[in-house]
Amino acid sequence: IVMRPGGIISGAVRDESGRAIAGVKVTLNRNNVYEWDSSGDAGARHALSDAEGRFVFDRLSEGQYRVSAMARGFATVYRSGIKLVGAAHAEGNDLVLKEGGVVRGSVKTPEGEAVPEAWVQLNSSSSWGRARSNAAGEYQINNVGEGPYWVTATAPGFSRERKSKVFPVDGRIDFELRRDGYVWGRVLTGEAETPVRQFRVELQQETSRNGSTSWRRKSQVQVNDPEGKFKIYAPDGSYRLVVTAKGFIRKEIDNVALSVDADPEEMTVEVVPGGAVEGWVRDELGQAMPWIQVYYREGKDGRFRRAGNTEQDGYYYVDSLPNGSYEFVFDRRGRMPLGLHESVQVYGGDIARLDHQHQDPTMLVFRHVMPEEARNAPRWMRIRVTSLDGRPLSISTRRWTPDGGDNQLSATIDYHLNRGQSTMARELPPGDYEIEITAKGFDTIREQLSIRARDDLEFPVEMKRTESGSR
């Protein structure tokens with residue numbers, strides 16, 4: 001363990017006349033991490049300004065930081081983008097406090113009914129604040145800085161309302177929140193009809209974009225209830241209700257209608273135990289391989305879903321799978337090829353075992369051979385490696401959906417080679433390959449290679465200009 005001196009951030013807290021202010025609470029966060037959003041869990045540090053208004057934070061690692069000052073009667077102020085390199089001392093981060101203003105308002109329904117216990121949060125370029133509405137729907141935020149403001153009002157059972165770049169009118173910013181519809185019920189196991197205590201409920205709505213349709217999350221709640229009860233709100237409309245719980249198969253219910261005027265009946269959502277797949281990923285010597293990405297899909301026509309990474313000992317576990325046959329893919333980007341397994345049978349409540357042993361692949365290095373005149377060399381080249389055996393070489397996310405990415409396998413992988421440099425292709429498994437190298441204004445290079453395990457190959461690249469000067 002090598003220890004080194006930490007960096008220092010210092011400054012002073014003053015009022016608009018330049019007079020030092022003592023006893024002001026100064027907070028230090030990593031840049032763009034806000035204390036009121038993290039409840040202090042983001043590693044915030046605090047200090048009080050001394051008699052001369054000075055504050056100091058020491059033993060800091062490299063990075064960007066943010067300091068803020070809060071004092072009664074003044075608007076909260078902050079300074080962002082304070083950069084520390086090595087053991088540098090970032091001085092002069094003074095904070096000037098100005099007398100804070102007051103923003104009041106009301107949170108009501110369009111019919112004029114008060115909405116109590118609504119959170120109203122206000123942000124500006126120099127300060128922030130928040131407050132809760134009282135029984136009459138009134139709120140008041142003190143010590144705010146100059147506008148314009150971004151103000152948001154939220155309350156359970158109501159649609160969120162946000163106002164951007166606004167100024168108070170007669171010192172007030174009022175809100176009208178529209179009531180949401182809701183659906184409620186219980187989640188039970190299908191056979192024993194016992195409550196499921198911990199689960200997640202989502203309401204998804206179908207959307208169309210660029211000619212394709214997908215389901216987007218509209219509302220979500222995490223439930224921990226001994227009786228398995230849930231209640232979830234959303235604006236009027238038709239939704240898909242999705243319930244997920246660890247160890248159970250995902251449950252989807254379509255055409256769930258929500259209306260603010262309806263008094264819905266209690267739903268009973270039955271979930272059944274799912275199967276699971278577990279195993280270890282190791283190299284040829286039996287050593288564990290941590291942080292290997294695990295993907296799976298049902299059958300051969302579905303899309304691959306990301307199931308996390310292997311643990312420190314190479315172990316992985318995927319549960320809540322319906323009965324069926326699955327393909328699994330193991331990948332560590334840039335370090336090893338895809339490992340594909342087919343026809344893993346899964347049954348409800350059972351755990352299937354699937355281990356993966358990574359075979360030591362070849363090392364293929366592309367090196368650009370510079371001609372005598374550098375101007376005759378391309379600035380960069382595209383290298384396309386294609387498996388003639390149809391073996392998948394890469395996995396990419398085509399689009400995202402509420403329940404994961406639409407991941408696609410490909411037997412082709414691309415690299416780029418800069419002028420006069422070399423690049424290493426990802427470690428390729430044994431097999432037959434086609435190499436295609438292209439650059440604008442140069443002849444295309446196309447060759448086929450047969451690669452054996454543990455080969456250490458170098459591929460010299462010498463590009464020649466086309467006679468017409470264009471590709």
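How many bridges join strand β27 to β28, and in which sense do the two strands run?

**Figure 1. Confidence of the predicted model along the chain.** The structure shown is a predicted model, and the pLDDT of the chain averages 87. A score of at least 70 is reached by 93% of the residues. Over residues 34-41, by contrast, the pLDDT is below 50. Beyond near neighbours in sequence, this stretch has 12 contacts in the model. Where pLDDT is low, the predicted coordinates should not be read in detail.

**Figure 2. The open sheet β25-β24-β27-β28.** This sheet is formed by 4 strands, and the pairing is antiparallel. Its edge strands are β25 (305-309) and β28 (336-346), each of which pairs on one side only. On average, and with direction ignored, neighbouring strands of the sheet are turned by 25° against each other. Strands of a sheet pair through backbone hydrogen bonds, either parallel or antiparallel.

**Figure 3. Strands β27 and β28.** In answer to the opening question, 7 bridges join β27 to β28, and the two strands run antiparallel. Strand β27 comprises residues 324-332. Within this pairing, V329 stands opposite L340 of β28.

**Figure 4. The hairpin of β24 and β25.** Strand β24, residues 293-298, is joined to β25 by 3 bridges, and the two run antiparallel. Y295 has R306 in β25 as its bridge partner. The two strands form a hairpin with 6 residues between them. In the turn lies G299, which has a positive phi of about 70°.

**Figure 5. The open sheet β12-β9-β15.** This sheet has 3 strands and mixed pairing. Its edges are formed by β12 (138-144) and β15 (175-176), each pairing on one side only. Strand β9, residues 101-108, pairs with β15 in the parallel sense over 2 bridges. Here K108 stands opposite E176 of β15.

**Figure 6. The aromatic pair F199 and F230.** The count of aromatic pairs comes to 11. In the pair of F199 and F230, the ring centres are 6.3 Å apart and the planes stand at 85°, so the pair is edge-to-face. F199 belongs to strand β17 (residues 198-209) and F230 to strand β19 (residues 229-234), so the pair ties together parts that are 31 residues apart in sequence. F199 counts as buried because its relative accessibility is 1%. F230 likewise counts as buried, at 5% relative accessibility.

**Figure 7. The aromatic pair Y316 and F330.** The ring centres of Y316 and F330 are 5.3 Å apart and their planes stand at 65°, so this pair is edge-to-face. Y316 lies in strand β26 (residues 315-321) and F330 in strand β27, so the pair ties together parts that are 14 residues apart in sequence. Both Y316 and F330 are buried.

**Figure 8. Charged side chains over aromatic rings.** The charged end of R130 sits over the ring of W119, at 4.5 Å from the centre of that ring. The charged end of K231 sits over the ring of Y182, 4.5 Å from its centre.

Conventions: Residues numbered from 1 in each chain as written. Predicted model: local features only at pLDDT ≥ 70, side-chain atom pairs only at ≥ 80, totals over all residues. Heavy atoms only, no water. Pairing = 2+ DSSP bridges. Axes fitted to C-alpha atoms, helices over the stretch in contact; angles between N-to-C directions. Phe/Tyr/Trp six-rings, centres within 6.5 Å; stacked < 30°, edge-to-face > 60°. Buried < 20%, exposed > 50% of the residue type's maximum accessible area, 1.4 Å probe, protein only. Lys NZ or Arg CZ within 6 Å of the ring centre and 35° of its normal. pLDDT = per-residue confidence, 0-100. Contact = heavy atoms within 4.5 Å.
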